Structures are given as C-alpha cells and as structure tokens.
Amino acid sequence: MKVFIVYCHPSEDSFTKHMCDAFIKGVTDAGNDYVISDLYKMHFDPVMKEQEYLRDAYYRTEPEPADDVLAEHAKINAADAIAFIYPVFWTEAPAMLVGWFDRVWTYGFAYGNKTMKVLDKAIILCSAGNPIERLEKTGLLDSMKKVMLGDRLIDRAKKMDFIVFDSTSREFELRNQNWDKNLQKAYEIGLNLFK
Ligand SMILES: Cc1cc2nc3c(=O)[nH]c(=O)nc-3n(C[C@H](O)[C@H](O)[C@H](O)COP(=O)(O)O)c2cc1C
C-alpha cells in the first residue's frame with residue numbers, strides 16, 4: 001500500500017519534522033511505501049493564478065492545470081492514503097498548504113466530474129502550540145477539524161482522522177516532556193495506518 005505525504009513546515013528545527021520522520025518510519029516498518037511532497041523543499045508555488053481562478057470559478061476543465069498541479073494529482077491517484085503533516089499557524093494550516101489546496105483541488109479533479117480517486121484513508125497529523133483543553137474550550141479545534149475534514153476531505157477518503165499533538169510550544173515544558181511519547185505515537189500511527 002502507498003501513502004502520499006503532504007508535509008509543510010518551514011524548518012527542520014521543529015517537532016513537526018521529527019513527527020513526520022517517525023510517521024514515515026512506521027509506514028515503512030509496516031512494509032508500506034510512501035511518496036512525499038515537502039512543500040517548502042520543493043518550493044511549491046501556493047499562489048493561485050488568474051487563469052487558474054477563472055478555470056475553477058467558471059467550472060471549466062480547460063486549460064489543463066499547470067504541470068506542478070498535475071504532478072500532485074498523479075501522486076494522489078497513485079496512492080491508497082494521504083497524510084497531511086503540518087504545524088497549526090493561526091488556527092489553520094501554513095499558508096503554503098492552504099495554497100496547495102487552492103491550486104491542487106481543481107475543478108474536474110477534486111470536484112465537479114471528479115477524476116480524483118476516493119482514497120482508502122486520509123489522516124491529518126498536526127502540531128499545535130496550545131494545550132488541547134484551550135483549543136477545545138475556545139471551539140478552535142472544532143473549526144480546524146471542520147475545515148479539513150468537513151470541507152477539504154469530506155467524501156474524498158473512506159476513513160479520516162484528525163490528530164493533534166498539542167502543547168508543543170517552546171513556551172511549555174510539556175513540549176520536551178512529551179517529545180518521545182509523541183514521536184512513538186506518530187510512529188505507531190504510521191505502523192497501523194492501513195490496519
Ligand atoms: C506563525 C505561527 C502561528 C501559530 N499559530 C498557532 C495557533 O493558532 N494555534 C496553536 O495552537 N499554535 C500555533 N502556533 C504554534 C505552532 O503550532 C507550533 O510552532 C508548533 O506546534 C510547534 O511545533 P514545531 O516545533 O514543529 O514548530 C503558531 C506558531 C507560529 C510560528
């Protein structure tokens with residue numbers, strides 16, 4: 001089985017990078033394959049162009065999407081599962097990943113007369129600086145889940161999961177205290193992805 005990982009973090013000096021590596025180790029230890037789009041490393045262009053806007057806004061399938069968008073479509077359709085791995089920035093994914101959705105979820109692929117495969121599984125692993133209790137109490141966790149699961153993923157995967165690694169701010173001692181436990185958790189999520 002193959003998982004397509006969409007990874008987005010500006011720095012390797014991050015919990016998120018370690019979490020991604022642990023998840024990948026779990027995936028490969030389980031005998032599965034992966035392909036990764038490391039959006040910062042590949043300098044993915046997240047900015048929708050006017051031509052792309054007009055194509056989507058007028059529900060057109062012409063012109064063909066740009067080559068970098070077609071490459072992402074091919075990775076999705078060759079995968080069984082998709083994993084999004086990122087830090088929460090202002091209650092959202094980083095802008096580069098938001099722009100990835102703007103450009104990659106094109107009309108005729110992700111909606112309309114879709115050519116996007118319905119994936120077996122979609123998983124979101126995100127790190128959040130705030131404690132989970134604060135995210136729950138303020139309703140911000142629900143907002144993040146709603147946008148990712150209820151809009152961007154919705155019926156595009158048969159099963160989906162949104163997992164938050166919370167209290168990862170350098171402000172909290174819990175970041176260090178939970179480090180190994182959290183990486184073990186990410187590893188096990190990778191290991192059991194298709195179970
Ligand atoms: C610009 C920026 C915005 C952030 N916004 C949020 C936020 O809205 N909610 C939250 O819980 N954490 C927020 N954080 C904290 C990140 O999620 C935090 O950097 C990350 O979880 C820690 O992991 P890292 O070492 O991988 O960066 C923000 C961090 C940055 C740099």
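**Notes on the predicted model**

1. Tyr59 is exposed, with a relative accessible area of 56%; exposed means over 50% relative accessible area, buried under 20%, and partly exposed in between, with a 1.4 Å probe and protein chains only. Tyr59 is not a glycine, yet it has a positive phi of about 50°. Its place is the loop between H2 and H3; helices (H or I, at least four residues) and strands (E, at least two) are DSSP runs, numbered from the N terminus.

2. On the basis of the note: this is a predicted model, in which local features need pLDDT of at least 70 and side-chain atom pairs count only at pLDDT 80 or more, while totals for chains, interfaces and linings use all residues. Residues are numbered from 1 along each chain as its sequence is written, and side-chain values use heavy atoms, with hydrogens and water left out.

3. The loop between H2 and helix H3 (67–77) also holds Pro63. The peptide bond from Glu62 to Pro63 is cis, with omega near -5°. A further backbone feature concerns Thr91, which has a positive phi of about 60° although it is not a glycine. Thr91 belongs to the loop between S3 and H4 and, at 30% relative accessibility, counts as partly exposed. Most residues other than glycine have a negative phi, and most peptide bonds are trans.

4. Strands S1 (residues 2–7) and S2 (residues 33–38) run parallel and are joined by six bridges; two strands pair if DSSP finds at least two bridges between them. Within this pair, Ile5 stands opposite Ile36 in S2. Together with H1, S1 and S2 make a right-handed β-α-β unit. A crossover is right-handed if, with the strands pointing away from the viewer, the path from the first strand over the helix to the second runs clockwise.

5. Helix H1 (residues 15–29) contains Gly26, which is buried at 0% relative accessibility. The C-alpha atoms of Gly26 and Lys185 are separated by 9.7 Å, although the two residues are 159 residues apart along the chain.

6. Which strands pair with S4? Strand S3 (residues 81–87) runs parallel to S4 and is joined to it by seven bridges, with Ala122 as the bridge partner of Ile82. Strand S5 (residues 157–165) also pairs with S4 in the parallel sense, over eight bridges; here Asp161 is the bridge partner of Ile123. S4 (residues 119–127) is mostly covered, and eight of its nine residues are buried.

7. In helix H2, the buried residues are Glu52, Arg55 and Asp56. They lie on the same side of H2 because they cover an arc of only 90° around the axis, the arc being that of the directions from the helix axis to the C-beta atoms. The face turned away from this buried side carries the exposed residues Glu50 and Gln51. An α-helix has 3.6 residues a turn, so residues three or four places apart point the same way.

8. How many cavities of 30 Å³ or more are there? The count is two. On a 1 Å grid over the protein atoms alone, a cavity is a set of points where a 1.4 Å probe fits but cannot get out, and a pocket is an open set with protein on both sides within 12 Å along at least five of seven lines; lining residues have an atom within 4 Å of a point. Grid points are joined across faces, edges and corners, and a volume is the space filled by probe spheres set on the points.

9. The largest cavity has a volume of about 60 Å³. Its lining includes Met48, Glu52, Arg55, Asp56 and Pro65. H2 gives the most to this lining, with three residues.

10. The second largest cavity holds about 50 Å³ of space. Helix H6 (residues 140–153) supplies the largest share of its lining, four residues. Among the lining residues are Tyr86, Thr91, Cys126 and Phe162.

11. The largest pocket has a volume of about 200 Å³. Of the 15 residues that line this pocket, His9, Pro87, Ser127, Thr168 and Arg175 are the closest to its centre.
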